[in-house]
Amino acid sequence: MADWVLVVDDDPSNLRMASHILSGQQMRVSCLKSGEDALHFLQENRPDLILLDIHMPGMDGYETLQAVQNDPHTSGIPVIFLTADDDSGAETRGLQAGAMDFIKKPFVPEVLLLRVRHTIDLIRLQTDLSLEVEKKTEEVLQQHEKLEKISMQIVETLSGAIDAKDTYTNGHSTRVAEYSREIARRAGFSEKEQEEIYMIGLLHDVGKIGIPEAIINKPARLSDEEYAEIKTHPLLGARILKNISEFPQLAVGARWHHERYDGKGYPDGLVGEDIPLDARIIAVADAYDAMSSRRSYRDVLSQQYICEELEKGKGTQFDPVFADIMLRMIAEDTDYHMREE
């Protein structure tokens with residue numbers, strides 16, 4: 001069955017152009033001129049994706065998106081905003097409101113097709129992952145121990161798929177998970193809590209599945225636009241994992257592992273202990289592994305340098321309690337085993 005895209009824009013030329021580009025790739029396209037028409041249409045129809053103009057007479061894109069998300073029948077339909085604005089504030093507001101992406105007008109056919117296909121595939125991944133977890137959760141009533149092993153295998157397999165995208169950080173997710181579990185152990189967490197943070201660590205970068213490999217593996221300095229796209233991976237990861245109701249902490253780790261203790265992190269600028277505990281631990285483990293792994297432009301950094309950076313980051317980038325635990329772990333690792341092989 002062909003993918004079905006609803007395009008909502010008050011400009012007929014934009015509707016014609018989007019329809020021409022998408023239908024040329026065997027996609028089913030429906031076109032409407034207002035947010036009100038879109039909401040009426042969605043009462044009886046469920047497309048795979050909505051391309052939604054921000055600036056329209058009557059209901060604008062933000063109001064329409066809110067109405068779509070407030071309706072249980074349509075809340076799961078992904079939305080990409082269409083805009084001719086070059087305004088980072090509008091993009092931030094749109095992503096926080098729940099839009100999956102932005103496409104600039106006038107359309108570049110290749111970009112439009114890539115982002116539409118990418119978003120549809122991403123939502124299917126989320127749906128498949130959620131269905132798989134639901135299926136395994138049902139089996140827990142009969143085979144609890146077996147299910148736990150299978151669930152871990154699923155998570156580890158997905159973690160491997162994440163790391164496989166990045167040429168320069170093979171094994172990153174596993175190492176972050178292991179360091180996070182050890183920090184939690186030393187902080188007095190229970191065995192169950194330690195295993196939970198291990199799984200959270202394995203999937204903290206799941207949003208990178210939605211970032212083009214050309215950006216992730218770019219050997220040169222990223223442009224501002226490419227860096228801005230990289231910074232969307234926490235929100236993408238949280239959206240992928242949010243429907244796994246049996247383990248909501250997975251989405252917490254994915255969304256907030258790039259927050260900073262001083263509030264200068266992203267995506268939400270949380271401060272201090274407002275950042276969830278698991279995310280504060282993963283932030284330290286993630287930074288440590290980044291410094292103790294090779295990059296295209298440098299080798300593994302020395303333990304002395306890493307310790308200096310962690311010391312400088314205490315209370316600013318990192319929770320000082322967990323940074324101190326990481327520093328003790330480094331001090332005990334006299335042969336420098338905690339690093340990328």
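Mentor: Start with helix α1, residues 12-23, which lies across β1 (4-8), β2 and β3 (49-53) and runs at about 175° to β2. Axes are lines fitted to C-alpha atoms, for helices over the stretch in contact, and angles run from 0 to 180 degrees between N-to-C directions. Contact means heavy atoms within 4.5 Å. Helices (H or I, at least four residues) and strands (E, at least two) are DSSP runs, numbered from the N terminus.

Trainee: What does helix α2 lie across?

Mentor: Helix α2 (residues 35-42) lies across β1, β2 and β3, at about 150° to β1.

Trainee: And what's the strand order in the open sheet?

Mentor: The order is β2-β1-β3-β4-β5, five strands with parallel pairing. The edges are β2 (28-32) and β5 (101-104), each pairing on one side only. Twist averages 20° from one strand to the next.

Trainee: How many bridges join β4 and β5?

Mentor: Four, in the parallel sense, with β4 covering residues 79-83. L82 stands opposite I103 in β5. Strands count as paired if DSSP finds at least two bridges between them.

Trainee: Switching topic. How is this model sourced and numbered?

Mentor: It is a predicted model, where local features need pLDDT of at least 70, side-chain atom pairs count only at pLDDT 80 or more, and totals for chains, interfaces and linings use all residues. Residues are numbered from 1 along each chain as its sequence is written, and side-chain values use heavy atoms, with hydrogens and water left out.

Trainee: Where is confidence lowest, and where highest?

Mentor: Helix α6 (residues 144-164) is lowest, at a mean of 56, and α15 is highest, at 97. The chain mean is 86, and 89% of its residues reach 70 or more. pLDDT is the predictor's confidence in each residue, from 0 to 100. Where it is low, the predicted coordinates should not be read in detail.

Trainee: Which residues of α15 are buried?

Mentor: F322, A323, I325, M326, L327, M329 and I330. Buried means under 20% relative accessible area, exposed over 50%, partly exposed in between (1.4 Å probe, protein chains only). Their cover includes α7 (172-186), α13 (277-291) and α14 (303-313).
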